Amino acid sequence: MKVPLRWLRDYVDLSLTIPQLAERLTLAGLEVIGYRFLGLPVPNGIHIKPDEIGPVWERDKIVTAQVLKIEKHPNADKLKLVSLDYGAGQPKTVVTGAPNIDVGQSGMKVILGLAGTKYWFENKEKKKELAELKPKELRGIMNDAMCMSEFELGISGEHEGIIILEPDAPVGMPLADFMGDAVLEIDVLPNMARCLSLIGIAREVAALTGGSLKKP
C-alpha cells in the first residue's frame, strides 16, 4: 500500500522524521518496504537505488506559472512561444513543442523550470538521464526556461505533453511546496487489515505517536 505523507497529514500531525516514522510503523507490524520522493531530497538514513532517485525540485528554479498568451513560433511550424506569469514582476517567454496547448489559448496553470533546473531526458539510446537546463537558441529565439512534463520532473513516464495544473493553483509558488511529497510503501498483512486505508494508517500513527486523529 502506498501512503503519500502529504495526504496522511490531512488526518494526523506528523512530528517524526521519515526514518523515525518508518521505524515506528515497521515495529508496529506495518513494514515499510519502499520509498519514493517526488521533488524532495532523500533524507539521511534512507537508502534508495540510484536509478530510483528523481530530480530535486529546487525552490528557486521550478515554480508554478500562468499562461498569459501562446503565439506561433515565427521560424518553426511545430513550436510555440508561451508567455508566462510566474510571480517575478516581468513575464517569461519560453519555446515549447507541447502538443496539449495551442496558439491563442491563455489562463491555464503550468509548471515553469528556469535555468539551472535538473530534469530527466531520453538520450539517443532511449535511456533516461539527468540534465541541467541551460540557455540556448531554438530556431533563432533564445530560450532559458521550459514548461515541464511529468517525465521531466520524475513523476511518471508521461512526456507527450506538459502538466496542466488545476485552475485554482497558485502562481509563483515553488513546486516543491505545492506538489513535493514522500510516499511510503507499506506491506499490510491480513492481521492489519484495519490499516488498508489512509484513515486506518493515520489512526495507527496517532496511536504510535500520542497524536490525535483528524477525521474528514
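How many bridges join strand E7 to strand E8? Select residues 118-122 for E7 and residues 128-132 for E8: the two strands run antiparallel and are joined by five bridges. Helices (H or I, at least four residues) and strands (E, at least two) are DSSP runs numbered from the N terminus, and two strands pair if DSSP finds at least two bridges between them. The model is a predicted one, in which local features need pLDDT of at least 70 and side-chain atom pairs count only at pLDDT 80 or more, while totals for chains, interfaces and linings use all residues. Residues are numbered from 1 along each chain as its sequence is written, and side-chain values use heavy atoms, with hydrogens and water left out.

E7 and E8 form a hairpin with five residues between them. In the turn, select Lys126, which has a positive phi of about 65°.

**The five-stranded sheet**

Next, display the open sheet whose five strands follow the order E5-E4-E3-E6-E11, with antiparallel pairing. E5 and E11 stand at the edges with a single partner strand each, so one side of each has no neighbour in the sheet. From one strand to the next the twist averages 45°; angles run from 0 to 180 degrees between N-to-C directions, and axes are lines fitted to C-alpha atoms, for helices over the stretch in contact.

Within this sheet, select strand E3 (residues 62-72) and strand E6 (residues 109-114), which pair in the antiparallel sense over five bridges. Thr64 stands opposite Ile111 in E6. When inspecting such strands, recall that in a regular strand the side chains alternate between the two faces of the sheet.

E1 and strand E12 (residues 181-187) run antiparallel and are joined by three bridges; Lys2 has Glu185 in E12 as its bridge partner. Contact here means heavy atoms within 4.5 Å.

To view the contact, select Leu21, Arg24 and Leu25 in H2, which meet Val205, Leu208 and Thr209 in H5. By class, this contact has four nonpolar, one polar and one charged residues. Ala, Val, Leu, Ile, Met, Phe, Trp, Tyr, Cys and Pro count as nonpolar, Asp, Glu, Lys and Arg as charged, and the others, Gly among them, as polar.

**Pockets and the cavity**

Both kinds of space are found on a 1 Å grid over the protein atoms alone: a cavity is a set of points where a 1.4 Å probe fits but cannot get out, a pocket is an open set with protein on both sides within 12 Å along at least five of seven lines, and lining residues have an atom within 4 Å of a point. Grid points are joined across faces, edges and corners, and a volume is the space filled by probe spheres set on the points.

The largest pocket holds about 670 Å³ of space. Select Val95, Thr96, Gly97, Met146 and Glu152, the closest to its centre of the 26 residues that line it. E7 gives the largest share of this lining, four residues. The lining divides into 14 nonpolar, six polar and six charged residues.

The second largest pocket has a volume of about 240 Å³. Among its 14 lining residues, Arg36, Asp51, Glu52, Lys128 and Gly154 lie nearest its centre. The largest share of that lining, three residues, comes from strand E2 (residues 31-38).

Which residues line the largest cavity? Select Arg36, Phe37, Leu40, Val42, Ile48, Glu52, Ile53 and Gly54. The space inside the largest cavity is about 50 Å³, and a search of the whole structure finds one cavity of 30 Å³ or more.
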